Amino acid sequence: MRKKQFKAESKKLLDMMINSIYTHKEIFLRELISNASDATDKLYFKSLTDDSIKADKDSLKIRIDLDKENRTIKVSDNGIGMSAEELENNLGTIAKSDSLDFKKENADDDNAKDIEVIGQFGVGFYSAFMVADKIEVVSKAVGADVANKWSSTGVDGYTVEECEKDSNGTVITLYLKEDTENENYSQYLEQYKIQELVKKYSDYIRYPIVMEMSKEVPDPEKEGEYITEVNDEVLNSQIPLWRKNKNEIKPEEYNDFYKQKFYDYADPTLVIHSKVEGQATFDALMYIPSVAPMDFYSKNYEKGLQLYSNGVLIMDKCSDLLPDYFSFVKGLVDSADLNLNISRETLQQDHQVRIIAKAIDKKIKSELAKMLKNDREKYEGFFKTFGTNLKWGVYADYGMHKDGLKDLIMFKSSNGDGYTTLKEYVERMADSQDTIYYACGDSAEKIALLPQCEGVKAKGYEILYFTDEVDEFAIQMLMDYDGKKFANICKDDLDLSTDAEKEALSKKNEDAKELLEKMKNILGDEVSSVKLTDKLGSHAVCLSAEGYVSLEMAKVLSQMPG
Ligand code: ADP
Ligand code: MG
């Protein structure tokens, strides 16, 4: 048997393929399973047009076998298989993807609608050399009489020879590398590890992925003792919930999926399931949690949605899919037309992601607006948990996103105990009122007691109570709502008085000039001026800020780092 050599450049290329393109060694399993799934899809596709090929859908599966003693992992499929020539072409040529050719050739075939070939770069297979120092591929093409074995230790080249195999399909055997100080390859011989990796990356492969699992069960013969039971188990869920029709999914199914996938104990407040076709075609399944995630307010919290391509996990937290003000949203996006990076761990360009992100942003906003309209109580619950985030969203990016958000934010006000939106406030405004009044403080109760409130309320005007640090910042970004300016009743010149009243006041100030000057001298630099005002009702004095920044904003700004 003659050993064939990779060309010099190919060697380097292969070395790069193996050692440089992937960040996570563990994705080797995802790649092998994806290939097995593709091979199975191809067989199924062929069986639809070729009567001589039988593919019983129920018997199509992918198997994983672990052998600790020999340090091997086997991934087997009963798919289309490869001939000797195909083994050479597909596994001996770097970046040759037969799967991509297949997809292109059959793009217009109606039968191909049912299948989802994953491969495209022709390099995934080699990722197995990250964890194995030798790989054997035994394969028999469907309808062929002979089987062949491809064998390689990596950059040194490969051999192909005839061998025995009963039925069509492919068995790939990885001989795992020895552990090193930094790398634990033995973990891939553990059932739980493989189970975890299948769940993580390949849960929605549409064929069952089967592995022998051992379980400790009570010994039926001896009480109090346990025996090990070994059974084949299907490791993947196969059907992506988000691909099902909305009307076929029960609320519990949505909720269970959420709790299991995103490790929450409580049902979500809102489920958003959307299928989008157009500039970008994708399915999205998103959730708004009912409780803030444990680490939500910590630096460690990472926003993002899971990103799938044809049911295979590409990124666990794609942060570009969510704006910061929706960082609490959990969920996933699945799209067949993503421009994947060759490692399939990231995206090559973010154009599609931007389109998807925009659509998602719009969708979440409209779903929240719907909830606000149809289920006020629920919305207020949501707002108590995550509302501050939305207000920061109004403030951030110079209010770029304010349009969708400004109607989603709420405040307490002098109009009863509940929350009010800006729209509701404006609807209640008196004809004579052209300004939206607000006051800042630690709590609605404290604000209500402010001396300045009296005068404004006496005029019959409602006051928004700003109790969140961000409130006033957000409002300043908004500039106005529905053409109505905002005024801080403790700072701004409210101009509530008539001309006659103004004149009387200025006369009073003139008359009391000496007294006011004395007071100012006593207070020194603590205040910039002392004035008589007609803003106060039963109160004697109040403090007032001048200029752009209010007392509350100054407090927040002084606490900010830097
Ligand atoms: P890709 O999947 O992107 O095409 P890979 O390096 O993963 O690239 O695989 C290269 C090619 O090898 C595939 O296109 C396919 O033709 C072939 N191949 C790999 N694994 C199998 C398998 N289990 N059964 C049949 N063909 C396979
Ligand atoms: Mg592949």
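Predicted model: local features only at pLDDT ≥ 70, side-chain atom pairs only at ≥ 80, totals over all residues.
Residues are numbered from 1 along each chain as its sequence is written, while chains are lettered from A and ligands numbered from 1 in the order in which they are written. Helices (H or I, at least four residues) and strands (E, at least two) are DSSP runs, numbered from the N terminus.

**Helix α5**

- Helix α5 covers residues 191-202, and its 12 residues should span 16 Å at 1.5 Å a residue; the end C-alpha atoms lie 15 Å apart, which agrees.
- Its buried residues are Ile194, Leu197, Val198, Tyr201 and Ser202. A residue is buried if 20 or more other C-beta atoms lie within 10 Å of its own, exposed if 12 or fewer, and partly exposed in between, with C-beta atoms placed from the backbone.
- Seen down the axis of α5, these buried residues fall within an arc of 100°, so they line one face of the helix; the arc is that of the directions from the helix axis to the C-beta atoms.
- The cover over the buried residues of α5 includes α2, β1 (62-67), β7 (209-218) and β12 (312-318).

**The shell around ligand 1**

- Ligand 1 is surrounded by 22 residues, and the closest are Ala39, Ser97, Asp98, Gly119 and Gly124. A residue is near a molecule if its C-beta atom, placed from the backbone, lies within 6 Å of it.
- Two or more shell residues come from each of α2 (27-49), α3 (84-91) and α4 (98-105). Helix α2 gives the largest share, 4 residues.
- By type, the shell holds 9 nonpolar, 10 polar and 3 charged residues. Here Ala, Val, Leu, Ile, Met, Phe, Trp, Tyr, Cys and Pro count as nonpolar, Asp, Glu, Lys and Arg as charged, and the others, Gly among them, as polar.

**Two residues to look up**

- Asn35 sits in helix α2 and is buried, with 23 other C-beta atoms within 10 Å.
- Leaving aside neighbours within four places in sequence, Asn35 is in contact with Gly119, Gly124 and Phe125; two residues are in contact if their C-beta atoms, placed from the backbone, lie within 7 Å.
- Lys4 belongs to the segment before α1 (8-19), and with 11 C-beta neighbours inside 10 Å it counts as exposed.
- Beyond its neighbours within four places in sequence, Lys4 is in contact with Gly157 and Tyr158.
- Lys4 and Thr180 are 176 residues apart along the chain, and 30 Å separates their C-alpha atoms.

**The six-stranded sheet**

- An open sheet of 6 strands runs in the order β15-β14-β17-β16-β19-β18, with mixed pairing. Two strands pair if DSSP finds at least two bridges between them.
- The edge strands, each pairing on one side only, are β15 (419-421) and β18 (480-481).
- Strand β16 (residues 435-440) is mostly covered, with 5 of its 6 residues buried.
- β16 pairs in the parallel sense with β19 (residues 484-488) over 4 bridges, and there Thr435 has Lys485 as its bridge partner.
- β16 also pairs in the parallel sense with β17 (residues 463-466) over 4 bridges, where Tyr437 stands opposite Ile463.
- β14 (residues 410-413) and β15 pair in the antiparallel sense over 3 bridges, with Met410 opposite Thr421 in β15.

Definitions and conventions. Expected span 1.5 Å × (residues − 1).
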